[in-house]
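Work through the exercises below with the sequence and the model at hand. Each task is followed by its solution in steps.

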Amino acid sequence: MVDSLSSQHDARLDAAISRHLGSEGPLLPILHDIQAEFGCIDDHATRRVAAALNLSRAEVHGVVSFYHDFRERAEARPILKLCRAEACQARGVEALVAGAQARAAGRVAIETVYCLGLCSVGPAAMIGGKVHARLDAARLADLIEAQA
Amino acid sequence: MKVRISDDAVALACGAEALAAAFVQHGAEVERVSSWGMHWLEPLVEIDGMGFGPASVDDVAAIMAGNAGALAIGPIAEHPFIAGQQRLTFARAGRTRPLSLDDYAATGGWKGLERARAIGPAATVDEVMASGLRGRGGAGFPTGIKWRTVAAAPGACKYIVCNADEGDSGTFADRMLMEGDPYCLIEGMAIAAHAIGAETGYIYVRSEYPHAVRKLEAAIAASRAIVAPVVLHVRVGAGAYVCGEETSLLNSLEGKRGEVRAKPPLPAIEGLFGRPTAVNNVLTLAAISHILADGADVYAAYGMGRSRGTKPIQLAGNIRHGGLYEVAFGITLGELVNGVGGGTASGRPVRAVQVGGPLGAYFPPALFDTPFDYEAFAAADGLIGHGGVVVFDDTVDMARQARFAFDFCAAESCGKCTPCRIGATRGRETIDKVLAGGDPAAQLALVADLCETMKFGSLCALGGFTPYPVMSAITHFPEDFAAEQVAAE
């Protein structure tokens, strides 16, 4: 039972790898696919990717740990990416942070992102690829509650 | 009744999806178009050329009944914000459906590519040279010279790479172009590939732009036959600001850590996978389509000094009329902020304006007569960069902004060179010491010395330009770094 589960897991990993093996510089597309499917790129995935691409584990780990997007452990909670770059600072995002953290109370992971390209209508946030702008304390609280 | 509503990310973030659905529910035909770039009016509703915005679901019935007077802005194309612009790169903004090949061809699309093919690679490079076009990503390097170098470099395999890693806060023109007029970028890349002798192109888009990624993928699929034999691919970044630096971007495309490479060798000689590579910004390549279609002289007729053509400027932050403003070089910062932008959104006085992203200088209103021009900004110890203008009102604490600049550099440094890797962290600590109040003059002298080292010792612009926001904050707003001000808080 456990064996068949882990072989299914490996089959999904291998599918993500083989989708991009024919392209030039396939590592980032592979890592994106693995993270989209499993929520993270763990040690097992790192080994499997390294073997498939004839890289050392250190090389793959080096890439995974370099980029902010890639995580080695999955985040179980919903993720709200809040822009805290200069344009959103100018529109008051810093005053919203403490309240948002308190409202989320550990139920939603509030992560900092530097710029969503919505700099004229901030403060802005992204949840699962959907963007939200003109946030104030109330609208941000509503977004958090909708996820929690 | 036909209703036009943008599907640009700004419109979506302001509720365009629900608004469009409500119009459909009320029996209207809804057409999704690109954004006009008047972001304070988004979601903007267009009916027979007349605009209504910002509209919400609650306004639908009134707009359709013709009594939404408070939201009516009149004919959109004649709105002062639009009428005052010289839109070449963004000529289609608001006017076409982003993925419609018919709309693209009907508005002059593919004419530049046809002409490039007709006149041949060498004459295409000459045309770009004659236009005076300089890289719109921020560095301002002459595009024609870059292309000539790649074209002359030995090797059968060359690449065209589009830098769409638009990470600067206060900038969104690349995003708007990719979402609103993707074929314009594709045509520019096809022309570039033709000119330099490349058959493969990569568009490296940041992961924070999922809408742009989807639009580009669809547009590449739909235009494959038109740009053949050139083959284009979209590659998605992974949240590293430094990958906007071209050599770091190339490493990332190769599947490596996005660390900066030492130059030389230039990417034009040894770029992607060691092959000759032209790396150009989205707006540079989009301008190419226009330059080849209408001629270099038309483009070069705009601008001032050695800054030829138009610059898509992005008005952002605490500004009343934020959005995309494409205009010939030469407009002053004050005209942009107070005239076009209408001052702050908060209604409070403007105190500082950061131009050129997180690595750009903060300008006080005293310098608002600075014209938008590469050389004029350099002379004022600033940079125009990618053309982002972020406005702050008088509640801003400039010491905090200087500290943030170091913080940002520390968070995003690739770690390759010491001035950036160590300097960012030491800089933030030293600003903290200034704010703690012990001999601020001595600490500020240390900051100035550190900035000197970072500016001249860093491998790329991340460490090299972080001194711009820091030193401009200290120079123009010294009162925010005084110990007594801190003690009073």
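**Exercise 1. Find which residues of the largest nonpolar core touch the most other members.**

Step 1. A nonpolar core is a set of buried Ala, Val, Leu, Ile, Met, Phe, Trp, Tyr and Cys residues joined through C-beta atoms within 7 Å. Buried means that 20 or more other C-beta atoms lie within 10 Å of the residue's own; exposed means 12 or fewer, partly exposed is in between, and C-beta atoms are placed from the backbone.

Step 2. The largest such core has 204 residues, and those touching the most other members are Ala124(A), Ala192(B) and Val353(B). Helix H10 (residues 182-196) of chain B supplies the largest share of this core, 11 residues. Helices (H or I, at least four residues) and strands (E, at least two) are DSSP runs, numbered from the N terminus.

Step 3. This is a predicted model: local features need pLDDT of at least 70, side-chain atom pairs count only at pLDDT 80 or more, and totals for chains, interfaces and linings use all residues. Residues are numbered from 1 along each chain as its sequence is written, while chains are lettered from A and ligands numbered from 1 in the order in which they are written.

**Exercise 2. List the contacts of Val353(B), leaving aside neighbours within four places in sequence.**

Step 1. Two residues are in contact if their C-beta atoms, placed from the backbone, lie within 7 Å.

Step 2. On that basis Val353(B) contacts Leu333(B), Val337(B), Tyr362(B), Phe363(B), Val389(B), Val390(B) and Val391(B).

**Exercise 3. Give the strand order of the open sheet of 5 strands in chain B.**

Step 1. Strands pair if DSSP finds at least two bridges between them.

Step 2. The order is E13-E12-E16-E14-E15, and the pairing is mixed. Strand E13 (323-328) and strand E15 (362-363) of chain B are at the edges, each pairing on one side only.

Step 3. Strand E12 (residues 310-317) and strand E16 (residues 388-393) of chain B run parallel and are joined by 4 bridges. Leu315(B) has Val389(B) in E16(B) as its bridge partner.

**Exercise 4. Is Gly356(B) buried or exposed?**

Step 1. Gly356(B) sits in the loop between E14 and E15 of chain B.

Step 2. Gly356(B) counts as buried because it has 24 C-beta neighbours inside 10 Å.

Step 3. His386(B) is 30 residues away from Gly356(B) in sequence, but their C-alpha atoms are 5.6 Å apart. Beyond four places in sequence, the contacts of Gly356(B) include Gly138(B), Gly382(B), His386(B) and Gly388(B).

**Exercise 5. Check the span of helix H18 (residues 398-412) of chain B, and find what covers the helix.**

Step 1. The expected span is 1.5 Å times one less than the number of residues.

Step 2. H18(B) is mostly covered, with 11 of its 15 residues buried. Among them are Phe404(B), Phe406(B), Phe408(B) and Cys409(B), along with Arg403(B) and Glu412(B).

Step 3. The cover includes strand E14 (350-355), E15, helix H19 (418-436), helix H21 (461-465) and helix H22 (467-476) of chain B.

**Exercise 6. State how many residues each chain gives to the contact between chains A and B.**

Step 1. Chain A gives 33 residues and chain B gives 46.

Step 2. On the chain A side, helix H2 (27-38), helix H4 (57-66), helix H5 (86-90) and strand E4 (130-132) each give two or more residues.
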